[in-house]
Amino acid sequence: MPASVLTPAIRDEIARLGSADIMVGIPSYRNAATIGYVVRAAHAGLVQYFPDLRPVLVNADAGSPDGTQRVVVETEPPGYIEQILLVHPKNRLDRVSLTYPEVDGVGGKGAALRTIFEMAAALNVGALVVVDSDLRSIVPEWIELLAGPILKGGYDFAAPLYSRHKYDGTITNTVTYPVTRALYGHRIRQPIGGDFGVSGDLIRDYLAQESWTSDVSRFGIDIWMTTTAVTGGFAVCQSRLGTKIHDPKDPGSDLGPMFRQVVGTLLSLAKDNANRWLEISGSHDVPAYGFERYADPAPLEVNTLRLLGQFHAGSLTVADTWRRMLRPSSYKSVMELAGEAGAMAEEAAHKLGLGTESGAGPAGAGGVPTTDELSDAVAGFHFPDDLWARVFYDLLVASSFGDIPTERLVAALVPIYFGRVGRLVIEDRRLSGEQAEERVERQAREFELLKPYLVDHWNEARENQAKQPAVEPAPADEVAG
Ligand SMILES: Nc1nc2c(ncn2[C@@H]2O[C@H](COP(=O)(O)OP(=O)(O)O)[C@@H](O)[C@H]2O)c(=O)[nH]1
Ligand SMILES: [Mg+2]
């Protein structure tokens with residue numbers, strides 16, 4: 001990990017606090033509307049479940065202009081939570097909000113968490129709970145559910161388990177869950193959920209890692225935390241948190257940069273840890289902590305037409321990269337599917353009376369039909385599980401051994417991912433959440449079944465590389481063909 005860059009203000013804060021037993025860390029950027037509730041819920045959780053410990057709450061903010069930091073420190077008068085819960089904790093909660101420094105010139109969620117890790121280590125906490133600042137569904141019990149396994153169960157890492165809407169968490173469902181499971185053998189359902197419990201030992205291990213990249217400073221942080229815990233042999237569990245409700249995002253319009261940062265990090269860690277995952281076949285359950293709960297997650301609309309349109313557009317702009325990153329049979333299938341996606345999306349837009357521009361709006365809003373209506377119109381579009389697994393495995397080999405920079409490969413994967421997500425939404429439109437979950441499991445099993453395909457091609461590429469003289473990588477800014 002890059003050298004510590006804590007600001008004097010943060011060092012002063014650490015000196016003032018001295019030490020703590022438990023910390024809640026909250027990264028934020030423009031979350032004034034929601035962070036007050038998250039802070040109150042976390043405070044109540046600390047008071048109710050850990051009244052004997054020395055607690056501290058740290059908000060690491062990006063310098064939000066909307067008053068996020070003020071909300072954190074002013075959200076309620078001191079003593080309010082104690083009054084409403086009728087609990088008198090031994091120690092008053094220290095609530096701190098600070099602007100975190102960039103890491104090697106890069107700011108983002110990961111840089112915020114890096115400051116939180118450094119503060120947690122300096123204060124010598126036994127458990128750190130991190131939660132997102134746009135959560136609507138957090139309740140005080142989440143603090144117990146995430147810190148309990150660490151403080152009482154001997155675990156080092158607690159990942160969240162939520163019921164999420166079938167269209168939410170698409171990067172998780174299509175990539176991070178199946179790939180973490182197939183590579184490392186751990187069935188961690190939400191490797192990038194954002195709400196985690198971490199032990200003091202694991203925090204110190206995080207701070208000693210060399211694998212921190214600029215993507216980790218941004219949205220790569222979650223998969224980095226989970227993978228580093230797993231590959232380091234730390235004791236990992238999951239905590240049943242119930243529903244995750246947060247600021248919604250349409251996978252076709254909001255998630256491109258996040259996808260690139262998450263997948264870039266996953267690929268770079270896979271390259272570093274090949275000797276660990278090459279040997280692993282199959283997977284095992286990861287213990288789950290907390291009482292099971294069922295709740296209906298908030299609905300989400302997705303513009304399937306736009307997803308298919310973007311898949312097709314990829315075949316016009318980055319086909320050359322696809323050809324070089326995919327094996328010939330995968331490439332051929334992907335090009336065929338992209339052609340079908342384009343034709344179906346165009347026909348559907350015509351049938352639904354949408355202009356070429358209307359694909360740009362979110363489904364179900366501003367005159368754009370709902371997810372179901374859009375998906376019905378392109379119901380014939382298919383994208384098989386096994387092709388998606390092969391595409392991802394081809395990418396993994398190409399990023400470790402090929403001569404195209406990983407950023408460019410991942411950027412070229414985005415349109416294919418849109419096609420895959422489009423297919424999943426179409427397939428899931430009539431399914432219950434439980435049935436959609438079974439589809440996610442089916443796809444994860446496909447990744448496991450095809451792991452020998454990955455291992456064979458990985459070994460083959462490694463042997464070929466050993467035979468050849470080193471090749472200079474192409475410049476990162478070269479425009480995809
Ligand atoms: N400090 C900081 N936090 C960020 C930044 N970007 C996102 N976050 C926080 O990271 C958390 C997750 O971000 P969000 O956009 O909700 O991502 P998602 O829920 O994973 O899709 C939220 O608490 C955000 O406030 C950033 O640039 N700096
Ligand atoms: Mg969020």
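**A friendly first look at this model**

1. Thr170 lies in helix α7; helices (H or I, at least four residues) and strands (E, at least two) are DSSP runs, numbered from the N terminus. This is a predicted model, in which local features need pLDDT of at least 70 and side-chain atom pairs count only at pLDDT 80 or more, while totals for chains, interfaces and linings use all residues. Residues are numbered from 1 along each chain as its sequence is written, and chains are lettered from A and ligands numbered from 1 in the order in which they are written.

2. Is Thr170 buried or exposed? Thr170 is buried, because 25 other C-beta atoms lie within 10 Å. A residue counts as buried with 20 or more other C-beta atoms within 10 Å of its own, as exposed with 12 or fewer, and as partly exposed in between, with C-beta atoms placed from the backbone. From Thr170 to Arg114 there are 56 residues in sequence and 26 Å in space, C-alpha to C-alpha.

3. Now to the domains. The domain assignment gives the protein chain domain 1 (8-289) and domain 2 (304-467); such bounds come from an automatic or database assignment. Taken over C-alpha atoms, their centres are separated by 29 Å. Domain 1 puts 29 residues into the contact and domain 2 puts in 32, where contact means C-beta atoms, placed from the backbone, within 7 Å. On the side of domain 1 that touches domain 2, the elements giving two or more residues are α7 (170-184) and α10 (256-272). That side has 13 nonpolar, eleven polar and five charged residues. Here Ala, Val, Leu, Ile, Met, Phe, Trp, Tyr, Cys and Pro count as nonpolar, Asp, Glu, Lys and Arg as charged, and the others, Gly among them, as polar.

4. The largest nonpolar core has 143 residues, and Met23 and Val131 have the most contacts inside it. Such a core is a set of buried Ala, Val, Leu, Ile, Met, Phe, Trp, Tyr and Cys residues joined through C-beta atoms within 7 Å. Helix α17 (residues 406-428) gives the most to this core, eleven residues. Domain 1 and domain 2 both give residues to this core, so it lies between them.

5. Which residues of helix α8 (residues 200-208) are buried? They are Leu202, Ile203 and Tyr206. These residues cover an arc of only 105° around the axis, so they are on the same side of α8; the arc is that of the directions from the helix axis to the C-beta atoms. Their cover includes α5, β4 (127-130), β5 (157-163), β7 (196-199) and α9 (221-231).

6. Around ligand 1 there are 18 residues, the closest being Tyr29, Ala62, Ala112, Asp132 and Ser133; a residue counts as near if its C-beta atom, placed from the backbone, lies within 6 Å of the molecule. β1 (22-28), β2 (55-61) and α5 (109-122) are the elements that give two or more residues to this shell. By class, the shell has five nonpolar, seven polar and six charged residues.

7. Two loop residues deserve a look. Arg30, in the loop between β1 and α2 (35-49), has a positive phi of about 60° although it is not a glycine. Arg30 is partly exposed, with 17 other C-beta atoms within 10 Å. Leu86, in the loop between α4 (80-85) and β3 (94-99), is not a glycine either and has a positive phi of about 55°. Leu86 is exposed, with 7 other C-beta atoms within 10 Å.

Definitions and conventions: Two residues are in contact if their C-beta atoms, placed from the backbone, lie within 7 Å.
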